[in-house]
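Please brief me on this model.

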Amino acid sequence: MRRTRILTAALALAAGLLTGGPPAALAAEPPSAALAADTYTWQNARIDGGGFVPGIVFSRTEPDLAYARTDIGGAYRWQEATKTWTPLLDHVGWDDWGHTGVVSVASDSVDPDRVYAAVGTYTNDWDPGNGAVLRSADRGATWQKTGLPFKLGGNMPGRGMGERLAVDPHDNDVLYLGAPSGKGLWRSTDAGVTWKQVTSFPNPGNYAQDPSDTSGYASDNQGVTWVTFDESTGSGSTATRTVYAGVADKENAVYRSADAGATWERLPGQPTGYLAHKGVLDAGNGYLYLAYSDTGGPYDGGKGRLYRYATATGTWTDISPVAEADTYFGFSGLTVDRQHPGTVMATAYSSWWPDTQIFRSTDSGGTWTQAWSYTSYPERANRYTMDVSSAPWLTWGANPAPPEQAPKLGWMTEALEIDPFDSDRMMYGTGATVYGTENLTDWDAGGKFTITPMVRGLEETAVNDLASPPSGAPLLSALGDLGGFRHTDLTKVPSMMFTSPNFTSGTSLDYAETKPDTVVRVGDHDSGPHIAFSTDNGATWSAGTDPTGVSGGGTVAAGADGARFVWSPAGTGVRYTTGFGTSWQASTGIPAGAVVESDRVDPLTFYGFKSGTFYVSTDGGATFTASAAAGLPSGDSVRFKALPGGKGDIWLAGGAPDGAYGLWHSVNGGASFTKLAGVEQADTIGFGKAAPGASYQTLYTSAKIAGVRGVFRSTDQGATWTRINDDAHQWGWTGAAITGDPRVYGRVYVATNGRGVVYGDTSGGGTGPGPEPTAHCSVTYTVTNQWAGGFQADVKLTNTGSAPWNGWSLNWSFPDGQKVTQMWNAEHAVSGAAVTAKNTGWNGTVAAGSSVGFGFTGAWSGSNGKPAAFTLGGKNCAVG
């Protein structure tokens, strides 16, 4: 089940709206000191999916071009050659974290290089920034941004309706955007650069999921929910005359303009009592199909209908595949086969039990077949087979009784699209993955079509905690919605999430430092225990016993020897136990809701933090004493860890912009802390293998240092820091967890809020300013993406000398007349075919043996050859 995910109040205070067009350097004050940078390779620990995909959009003019939008994890483009998805919004930074929620995507059918995304996560005050429309002329490789004067809700109720954003199929400078919160309908006439409200549009909507919700989440007006053009009413580059719009109003759900948006009318004769989730037009046959539900979804919906509207005669026909009395779900996931326009499909998106349903008609809705039906209840006959071997966890480890099956077809199936160029290919989104088939028409021939996950590359989990033990699996995770995974191989999808029990969301986990096969995890659960233990490094689990009053997972800590555990669950106070949680005793001296951790050397020592006070227990968690340490953050947005192998060595990160905020270090078990002067803000802290020649473990943090927000590494106990991510790899909010790998120097695991577990590996390391570079350099130039007329390239510049650089300027010439259109992580100048790329203010320091990377998009025609030579300081670099 897909859960609402909310960032902390402290984060909401910290976030603001970043202006300007990414990718670009973060807006920040000038660095107060030289900040080193290292080139990292970033990828995901594979889970494949894990979250709700409410929208899939195929290009109507170019085969194999498709996009997917997620509610909190950005947007993706389909790569046909590899059958994978490429993330497009990893550049979204900390200050704009809300722009990882995508409420709509639109592909330009006139110019397929153009794509648009309407972004923003919440319309209430959980997201302090307004929404924006992102526009790209290179299929999402780079973006420009226009801020909006209102919020958008990629993770709000009703997010499966749509698409809210649409491009005129004739005059592609014209776009429409349906807004929530009573803001109406908006239009751009300059390809998304500027937007104005369509003041003639008569109805901003009135439906809210729960008008009494004081948080503003369920009580927001869901607004104007979709826009559809009738392409048959336009020609050439003249604006399309007839436009339809859906509105969250059960009595007035569909509007039409017959004069290119100048005036609008309620569509006469339309059904009432429902919301129109989708409106899809078949211009060839002159039909507007509409999928209705009694609620906005994506979880709820108890009744629904399908209708067909004849655009020429105004005739409405109820084409629902089942009688209204027999529905217990709403309809959505509406699509037509553009190769065979009489073929239409829809989903019973809110049919949770026993499964979702998919309906198909080949006669414009006159008759229907369905993906499964009952033979003799509870037995089912399926028109499909499912193969989830590429992501076997999609069975949830379940063995349900009929009529349920494992795996299910899915739930929250609001996105369903037939490829407009291939009648055999269909994709649909669920609350956990993207499924698809490439032999869909076997349905009509009486055979079975095969459904498989089509989700590789799309990683959409929200990560709450991470652990990398010194032995066993390299990575253990606690995740929203899925509970968590044990990764024995980061490049492969684990066979199953944590089970026995399956938490709806994992909130915290820990291992015993000297016995890392002993692992404990806690999480949220609809019914049953909220804690589990493992004695085989997380491979198998046994449920513990909850103390009275537990309502959620909270945080948990394992003693260094695995004999004791301290748990701070939601709903009750801190508890401790010996053994594996068969009985719990109340800890004294520490408030409920405290964050708890263990000392990594002394098995009897545990620590806690709550509201500015640090707590210490030296008797296995039975009693805690408040430390006299002063100056710590007063709020509860704090994460801290004790250093493996160092008794009483503690690092604490957190705070908020309106108070104490940064990174603190204690070497006396929390009796006192010293704030690191060079760290302006910090939200996570983790440890990894020490650098070659160093004795102290490497530190990792998501922080703001020298005026720059990023992910940082220190190999000298925080004296100096190296930024290890770059402006193209920011992933929105990264404040939940971070850890290095104790076995691989430089490897770091970063928790994201919707882009899964990201891990990076270094190509070198080092800090400190030095002389200008000479010819001791090497360059690797890689074209990472190429399309008609455009390309994207990455450049890696390595200092192969023995002295560090303090500033660099790299020169090359294109062999085929290519032009740089946009560059990130470097400043650039162009003279004909010659290009100069110079360091920005934060990445000029490159230690001996280290690398720095930058990237750019460019234009080409004819050929796109690589530059033959690169010079630094007037001398040639080696070319890799």
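Phe-533 has Ser-542 as its bridge partner in S40. Strand S39 (residues 531-534) and S40 are antiparallel, joined over two bridges. The model is predicted: local features need pLDDT of at least 70, side-chain atom pairs count only at pLDDT 80 or more, and totals for chains, interfaces and linings use all residues. Residues are numbered from 1 along each chain as its sequence is written, and side-chain values use heavy atoms, with hydrogens and water left out.

**Sheet S37 to S40**
- Four strands make an open antiparallel sheet here, in the order S37-S38-S39-S40.
- Its edge strands are S37 (505-512) and S40 (542-543), and each pairs on one side only.
- Two strands count as paired if DSSP finds at least two bridges between them.
- Strands are DSSP runs of E with at least two residues, helices are runs of H or I with at least four, and both are numbered from the N terminus.

- Strand S41 (residues 552-558) runs antiparallel to S42, with five bridges.
- Ala-558 is bridged to Phe-565 in S42.
- S41 and S42 form a hairpin with five residues between them, and Gly-562 in its turn has a positive phi of about 75°.
- Strand S42 (residues 564-570) is mostly covered, with five of its seven residues buried.
- Buried means under 20% relative accessible area, exposed means over 50%, and partly exposed lies in between (1.4 Å probe, protein chains only).
- S42 also pairs with strand S43 (residues 575-578), antiparallel over four bridges.
- Phe-565 has Thr-577 as its bridge partner in S43.
- The hairpin of S42 and S43 has four residues between the strands, and Gly-571 takes a positive phi near 100° there.

**Sheet S45 to S48**
- Another open antiparallel sheet has four strands, ordered S45-S46-S47-S48.
- Strands S45 (595-598) and S48 (625-626) stand at the edges with a single partner strand each, so one side of each has no neighbour in the sheet.
- S45 pairs with strand S46 (residues 606-610) in the antiparallel sense, over four bridges.
- Val-595 is bridged to Phe-609 in S46.

**Asn-172**
- Asn-172 sits in the loop between strand S11 (165-167) and strand S12 (175-178).
- Asn-172 is buried, at 12% relative accessible area.
- Its side chain makes a polar contact with the side chain of Asp-108 at 2.8 Å.
- A polar contact is a pair of N or O atoms within 3.5 Å; within protein, one must be able to donate a hydrogen and the other to accept it, and residues adjacent in sequence count only if both atoms are side-chain atoms.
- Leaving out residues up to four places away in sequence, Asn-172 touches Asp-108, Val-110, Asp-111, Arg-114, Tyr-116 and Val-167.
- Contact means heavy atoms within 4.5 Å.

**Disulfide**
- Cys-777 and Cys-877 form a disulfide, with sulfur atoms 1.9 Å apart.
- Cys-777 lies in strand S61 (residues 777-787) and Cys-877 in the loop between S71 (875-876) and S72 (878-879), so the pair ties together parts 100 residues apart in sequence.
- The cut-off is a pair of cysteine sulfur atoms within 2.5 Å.
- The S-S torsion of Cys-777 and Cys-877 is about -90°, so this disulfide is left-handed.
- Cys-777 and Cys-877 are buried.

**Whole chain**
- The chain has one helix and 72 strands.
- Of its 880 residues, 61% count as buried.
- Among contacts between residues at least 6 apart in sequence, 57% join residues at least 24 apart.
- The C-alpha atoms fill a box of roughly 80 × 75 × 50 Å along the principal axes.
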